[in-house]
Amino acid sequence: MNKSDFDHFRKLLLKERKRLLEELGWVEANYIGKSGRDTSGEISSFPVHPADVGTDSMEMEKAYLIGSASSETLEDIDEALQRIETGDYGKCVECGQEISRERLEAVPYAKLCLHCKAKAEENLGA
Ligand SMILES: [Zn+2]
């Protein structure tokens, strides 16, 4: 992987990061802020606005799931951006093998090769 590859994936990552932040902002504006929810979950660090509109609990749950999944992905993206800076980007953090270009194009923040990912999911019982 050369410098222009790094630039390419940095752009992909920043774009995805922006999209996720917008998604999180949307979730917060439409659901989280209205609930007064202040749990120890990942979303708790977002400012909570006064509740004034009731929200269906199914929708709340959905918003919460979107929010926490997005936060996790954001962390992965930040880690990937860091790995670009250190030149480790594109390598599996588990086994050090290069992650296939195809996989990185699809999931630019991937940190595991397919082999290690399958193994990780097995351990989770997924
Ligand atoms: Zn691996």
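Is C92 buried or exposed? I looked this up in a predicted model and found C92 to be buried, with a relative accessibility of 4%.

**Zinc site**

I then listed the protein donors of the zinc ion: the SG atoms of C92, C95, C113 and C116, at 2.3 to 2.4 Å from the metal. I noted the site as tetrahedral, the angles among the four donor atoms being 106 to 115 degrees. I also checked C95, which is partly exposed at 40% relative accessibility, whereas C92 is buried at 4%.

**Salt bridges in helix α1**

I next turned to charged pairs and recorded a count of 12 salt bridges. In one of them the side chains of E16 and R19 meet at 3.1 Å, N to O. I placed both residues in helix α1, which spans residues 3-35; because they are three residues apart, about one helical turn separates them. R19 also meets E23 in a salt bridge, at 3.2 Å from N to O. I found R19 and E23 four residues apart in helix α1, again about one turn. For accessibility I noted R19 as partly exposed at 40% and E23 as partly exposed at 26%.

I examined R101 and E105, whose side chains form a salt bridge of 3.4 Å, N to O. They lie four residues apart in helix α3, residues 101-106, and so are separated by about one helical turn. I recorded R101 as partly exposed at 36% relative accessibility; E105 is likewise partly exposed, at 36%.

**Network**

Lastly, I traced a network of salt bridges that links K3, D7, R10 and E85.

Technical notes. Residues are numbered from 1 along each chain as its sequence is written. This is a predicted model: local features need pLDDT of at least 70, side-chain atom pairs count only at pLDDT 80 or more; totals for chains, interfaces and linings use all residues. Side-chain values use heavy atoms; hydrogens and water are left out. Donors are N, O and S atoms within 2.8 Å of the metal (3.2 Å for Na, K and Ca); water is not among the atoms, so sites may look incomplete. Four donors count as tetrahedral if all angles lie between 85 and 135 degrees; four count as square planar and six as octahedral if opposite donors are over 155 degrees apart and all others between 65 and 115; anything else is irregular. Buried means under 20% relative accessible area, exposed over 50%, partly exposed in between (1.4 Å probe, protein chains only). A salt bridge is a side-chain nitrogen of Lys or Arg within 4 Å of a carboxyl oxygen of Asp or Glu. Helices (H or I, at least four residues) and strands (E, at least two) are DSSP runs, numbered from the N terminus.
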